Amino acid sequence: MKLLLDIQRQLLRHPAHVFVQDDQRQWKGLTLLVAAWHIARAIEQTTKRERVAIMLPTSGLFPAALLATWMLGKSAVPLNYLLSRDDLEYVCRDAGVDCVVSVKPMLDFIGGPTASMKPLLMEDMSFKGLPPMRRAKRRGDNELAVLLYTSGTSGKPKGVMLSCGNLAANIDQVVNWATFTRKDILLGVLPQFHSFGLTILTLLPLAIAAKAIYTAKFVPRKILELGKHHQPTVFVAIPSMYHALAAQKSGGKEHLGMLRYAVSGGEPLPASVANEFFDKFGVRISEGYGLTETSPVTNWCLPAEYRARSVGRALPRVEQWIVDAQGNRLGANQDGEIRMRGPNIMQGYWNLPAETAQVFDDKGFFRSGDMGRLDDDGHLYITGRIKEMLIIAGENVFPREIEDALNHHPSVKASAVIGAADESRGETALAFVEINEGFAFDEAALRAHCREHIAQFKVPRAIRARKELPRNATGKIMRRLLSVDMQSDV
């Protein structure tokens, strides 16, 4: 496995370099390597299975456990500790794991280990002394590196199979696209079980001997303190995090103004949030795009190429097409499904050969399920999800367009739109909004605002206020958890 060998080489080449600073400690190159050797020995004594689960807070412990797993020639199954116990039990059974590398507070958080978990607790281990050095088992690029389980839009979580080559390719693509060097400092708060937190915030800095600053919980004031102290060059977050940072009265350019890249993903970035952040810190947020199935990054709008609402051009070696319902390739500025092919695209879904076959077309392109369009210069603009598309009076309507209109109103912090049955039009839009502090919810005013920005038939039939919209671990709004019978709760 070239990626593991590259990381080990960097750790040995820079033994005194601080690769990771987390909430508890610094991790130098030799510290990480020795910790990985200790954990590898413990895993070897705990399980004979080919896959190992990892459930750890965002910290230096995670890469140490991941490297240990790979050293043994095993695959890692990072666990989303925000899943229900039933889903966590399902993931462990589906992946065939019986050992979970974790810490006691995290196990307590999920209510104790599930039936399939044999805990290997970091608190019970001592990283002192030098265990027997071990040569990493050789693995081919096509061999499984990680199983990342996605929450999906329905049903049980699906295991996305990412190979050693998939991860290495995406790191190489991003490094070349954004000219990363070992001088970069990445500030990370996204969970490491998430594809972006895994590839970009964990593996990439290790592979190039850059530095990563981790904090396990998003606390705006702490992010500002870390920024001022460590002077990061890269910060990756979701729109709600950028909004919270911009709202901090004490924040200024001395806290995050040094950023070379402030990257947003996971959900649409409201123009108001981008402007607030720029006014506060003097940094233009750029949007990126990708999926767990793509390792994850496929597009990134670099600041020098900034275009409002664009997620940028495709990264090197990513072929990207927009196709119609019949799979025919569309030209510039035409809406259709985004399909992709490249070395970073997953091997398939674990134990789901039929579903794997369905998401690849006859040319080997991955069907993203996302709608979008490419402009004349190849910049991608995301329209929405195919499965979330509404058909109102025979017209295709995407929730994102209505949400964009709502999000432009000063009272709206965030919004989500779903479909509701309608006798005369077949379907109509129903919106849910979070209201900014200091504003009152005014449904009539919001509907009037929508009529000024979108076609009349797209205006939501009703708008309901929620204290909090349902979100996943990375803060992405989960429309599928909203229902027609929900009432306003503010």
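Does Asn 351 count as buried or exposed, and what is its relative accessibility?

Modeller: In this predicted model, Asn 351 counts as exposed, because its relative accessibility is 52% and the cut-off for that class is over 50%. Asn 351 sits in the loop that runs between strand S18 (348-349) and helix H12 (353-358), and although it is not a glycine, its phi is positive, at about 60°. Most residues other than glycine have a negative phi, and most peptide bonds are trans. Arg 317 is another non-glycine residue with a positive phi, here of about 70°, and its place is the loop between strand S15 (313-314) and strand S16 (319-323). With a relative accessible area of 49%, Arg 317 is classed as partly exposed. A further backbone feature is the cis peptide bond from Ser 295 to Pro 296, where omega is near 10°; Pro 296 belongs to the loop between S13 and strand S14 (297-300).

H13 provides the largest share, 4 residues. The pocket holds about 570 Å³ of space and is lined by 30 residues, of which Arg 309, Arg 373, Ile 382, Arg 400 and Asp 404 lie nearest its centre. By class, this lining is made up of 13 nonpolar, 7 polar and 10 charged residues.

Definitions and conventions: Residues are numbered from 1 along each chain as its sequence is written. This is a predicted model: local features need pLDDT of at least 70, side-chain atom pairs count only at pLDDT 80 or more; totals for chains, interfaces and linings use all residues. Side-chain values use heavy atoms; hydrogens and water are left out. On a 1 Å grid over the protein atoms alone, a cavity is a set of points where a 1.4 Å probe fits but cannot get out, and a pocket is an open set with protein on both sides within 12 Å along at least five of seven lines; lining residues have an atom within 4 Å of a point. Grid points are joined across faces, edges and corners, and a volume is the space filled by probe spheres set on the points. Helices (H or I, at least four residues) and strands (E, at least two) are DSSP runs, numbered from the N terminus. Ala, Val, Leu, Ile, Met, Phe, Trp, Tyr, Cys and Pro count as nonpolar, Asp, Glu, Lys and Arg as charged, and the others, Gly among them, as polar. Buried means under 20% relative accessible area, exposed over 50%, partly exposed in between (1.4 Å probe, protein chains only).
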